[in-house]
Amino acid sequence: MRSFLRQFRRAPGRILASIAALALAVGAIGVLAIPSIASSSLSDAVERDGLGDLVVETTSIDPRQLAAIERLDNVEAADTTASVASELDGERIRLIGLSPDRTMDLINVTEGREPAAPDEVVAEPGLAAIGDRVDVVGDRFEVVGLGSTLWWGDDLVVYADIDAVLPLTGDRGTDRLTIRAVDDSQAALETIADDVRALLADGGDTFTGFPTYFPDGTTPIDADIRQVSQLIGLLGIFAGLVALVLLASTTNTLITERSREVAVMRALGGRQRRLRRRLRRIAIGIAVAALVIGLPLGIAISNLIARMVLHDFVGITPGFAVDLPVLAGSAAAVVVGARLVSARAARRVTTVPLATALRDRDANPFGATRLQRWSTRVGLGGLVTRMAGRTSLRRPARTAAVVAQIAAAVGAAFLVPTLATSVNDFNSSAHAVWQWESVAIAGDPGLPLNADDDAVTTGSADGSSDEYGIWAWGQVDDWDMDVYGLHIESRMIEPAISEGAWIDGDHDTVVSSGFAERNDIEVGDPLQVILAAGPTEFVVTGLSDDSSRAVYVDRDHLAVVMGAPGMANVVWSTGPEPATSSTTPSTITTLDEIVAEEAANNNAIVMIFGAIGIVVSGVAALAVLSSMTVSLFERRHEFAAMQAIGARKRRLRRLLFIEMLPLAAGGILGGLAIGGLGARGIIASFESSNAIDIGVTDATGAVPFIVLGTAAILGLLVTVVVRSAARRPIAMSLRGAA
Amino acid sequence: MDTTTLSTHAAPAAPPPLGTALIQARDLTRIWGSGHAAQVGVRGVDLSIGCGELVAVVGPSGSGKSTLGALIAGIDQPTSGSLVVDGARIDRLSTDRLARWRGESVGVVFQDFHLLPTLTATENVELAIELGLPGASRRARRNAARAVLAEVGLSAHAGKLPSQMSGGEQQRVGVARALVTRPRLIVADEPTGALDQMSGHLVFDLLTDAARRGTTVVFITHDVSLAAAADKVVSMLDGTVESVAARTSPANPSTSIEVA
């Protein structure tokens, strides 16, 4: 401790800068804690809100069927809910009817109270205020509380007693079943789903959506968190590497600076082992000081980003959490890293021949290597250029480290906008095939719209046309797919057929080309599409280049397969609003709104990576600043000697600019390559995990800003260093150097 | 020394006649810090040094010799007082003007040499020309540097780096660097302090030769025998000038002419 404090008093500015940069790097390692913090917060929410183990949309289930379901093997509890579409302040909302004696989907009321009468409701926070009245199909409900439950978290819904909602659903009745199982393993939940499906089939009922399983205590966005975790892990590892490079650079400098002092102690009889121990303590002191600042910073960063993730994906605001293994791991890694890098530097300093160490200021005389000696025979450029080049050769490891650090900062700065531009382009291209402008999506589950077979295209007064269709979920090879049921001569799509032809019969299907390529699906292949009602067979007639994961099939055939011949669930329109929407409770949205909403979701991911990228970029930039400051500080006696023989400030600035130029150029080029490759790697990972084509669009527009920004930061650094060197009396600098 | 091309570019003003005061210090004071922590370098120094004089500054450690040398060389600035060197009030010059003045008018020799480690002997000397006489062509610089290195007996070491030379050789490069611009003034801070006797004498001879050619040389030393060879000996104690003694004749090497 004493030796660390003594070192601190000698160079407080530099040590503080190193500690700050290292602390930020340690803080950035905190991103590794995001997945576990998010999972822990979600698990708390699952427990608090009583999320079921199996959730599935169904046709109406009566009390007798529900009692039978509760008697099935392994079923601990079962609940049904009913819902009906409505409107509140011009917004489409859903009224959810919940059983008052339920044990699942418990509402966490944050203000007011739970409904006590049939005409009372609880609204999602932000949707309404206590005392507001909600009109649903002519009935009026009063908002008596604000609250939420995980399944509908952040949706536009209000909750009421199921007995108040059921009369409003007409013949549809209940539409959703929730089950809690005794054994919540995946296999056991699938068995329950099969049993329920069979039990419902006996009464002529069916699933209208795919069951959602939450086996072994998993939560709704576990898969998303897993995917994001992998990428966050990469960035965390990157931040850790930057931290180690920074630690190595600082430690090496501080120890090398003491070469002469160590040499004197050696000359006086100091033992190598003891001297090395003293040197190691300096590095460990810096690491510990950085941890004191960095660990709380890491906790703050991880909680902040976890909050962003959970708020954007599931609409919950997590509590404060700490990931002890990540905390302990980063602390141990930094201390052990400090111990290892300092041991190497200490060994080097204590093994330099004593005479050399006593003679040379920093035990690093120029001319020791063949390359350095060769460089003195190259008379290219003026004296300043030669000095600049040779200075880079004097400490090749540090030069390489600075180039690597600039590359890391530039890489992160290029990666984020490249991800953003790629995602933007993807957002645009994913819907490029559609010709409709607006869509009315039925507010009720299943296929509630009666499609008019005789009017494939319904003309409207404004010249636009409408068309019934089906938009459902399906599965192909365990992949969730968009299943579009369209008329064979649909005007709502202009497919970008890259191979084969558009659908021309009941069993024909066109598949997204990116998905087909990743799953070895070719034109002419049979394709089994699993729908909520069961599997059905198609033949692939064409591939569509649409940056989606979709299958396009004949609407009428799909309606038959889904157990509702002649029915549909959407109305597409080439105008601003489908004409048929006025007769059906539905949500009307435009393609632009859908694109914007998807873009917002994708942008949320980009934002998260952006935040992490900024942290990584900041850490790398600080590492550059720290390394350069330390390097320039070491050479202050050189600058003083030059000033003593007549060098003016602009001469020193010129020297440093020339020195920086190749380092900056190398770093920028390397960084752009790293950023481009990194973006490709991340997007390839998304493409692979989603089986879609996303494509990479390099953010070339950002390059001038990155180059200028890098130049500006380095230029500022040079100016500050020269100004500070010029302010100090030359005699004092020279005396200090001696 | 082939500096024809150099001198046309440098065009320094003609030196004042010998004996005319080149350096005039009045109440020169340098203090670091303030209050109880104040550290006095020199205080109230009045001194006059003529053109072409070889002046030794002597005194015990901590007496202010090096501070006085640094002030005269313009590599430190006084806290108060005035300092005129070669007609310029150098205590009032800005950082950049002072740097320019140093490059053109002063040669500095350090005890620790302070050669630039990445430049060869020739390049170190060339650098002084580039900084002090910026109009000189590259060829002229190179020729002048080689000539002055030959003068100090280092022709064979012209391409060597400082790390490849002995202390004596490095100091001779340092002297060559100070001489090459033909300055009016050379300030040498214990130039022989880190050298053996033979190297020390070699370096001192180079400085006395420069003084004989009209350059004012102020050198700081602990070596009594070197001080005895000076035209004037400034003795310092506790930051003040204790005495200034001028050598009058070989029989009576020095006579005290002033006591501060």
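Reply: This is a predicted model. Start with the largest nonpolar core: of its 283 residues, Val158(A) and Leu207(B) touch the most other members. Helix H14 of chain A, residues 396-429, gives the most to this core, with 18 residues.

Me: What makes Val158(A) a neighbour of residues beyond four places in sequence?

Reply: Contact requires C-beta atoms within 7 Å. Leaving aside neighbours within four places, Val158(A) is in contact with Ile93(A), Leu95(A), Val121(A), Val122(A), Ala123(A), Leu127(A) and Val134(A).

Me: Which residues of helix H3 in chain B are buried, and what covers them?

Reply: In H3(B), residues 95-105, the buried ones are Leu98(B), Ala99(B), Arg102(B), Gly103(B), Glu104(B) and Ser105(B). Being buried takes 20 or more other C-beta atoms within 10 Å. The cover includes helix H18 (636-644) of chain A. From chain B it includes strand S6 (106-109), helix H4 (121-132) and strand S7 (185-189).

Me: Which residues of H4(B) meet H5(B), and of what class are the residues in the contact?

Reply: H4(B) brings Ala121(B), Thr122(B), Val125(B), Glu126(B), Ile129(B) and Glu130(B). H5(B) brings Arg141(B), Arg142(B), Ala144(B), Ala145(B), Arg146(B), Val148(B) and Leu149(B). By class, the contact has seven nonpolar, one polar and five charged residues.

Terms used: Residues are numbered from 1 along each chain as its sequence is written. Chains are lettered from A and ligands numbered from 1 in the order in which they are written. This is a predicted model: local features need pLDDT of at least 70, side-chain atom pairs count only at pLDDT 80 or more; totals for chains, interfaces and linings use all residues. A nonpolar core is a set of buried Ala, Val, Leu, Ile, Met, Phe, Trp, Tyr and Cys residues joined through C-beta atoms within 7 Å. A residue is buried if 20 or more other C-beta atoms lie within 10 Å of its own, exposed if 12 or fewer, and partly exposed in between; C-beta atoms are placed from the backbone. Helices (H or I, at least four residues) and strands (E, at least two) are DSSP runs, numbered from the N terminus. Two residues are in contact if their C-beta atoms, placed from the backbone, lie within 7 Å. Ala, Val, Leu, Ile, Met, Phe, Trp, Tyr, Cys and Pro count as nonpolar, Asp, Glu, Lys and Arg as charged, and the others, Gly among them, as polar.
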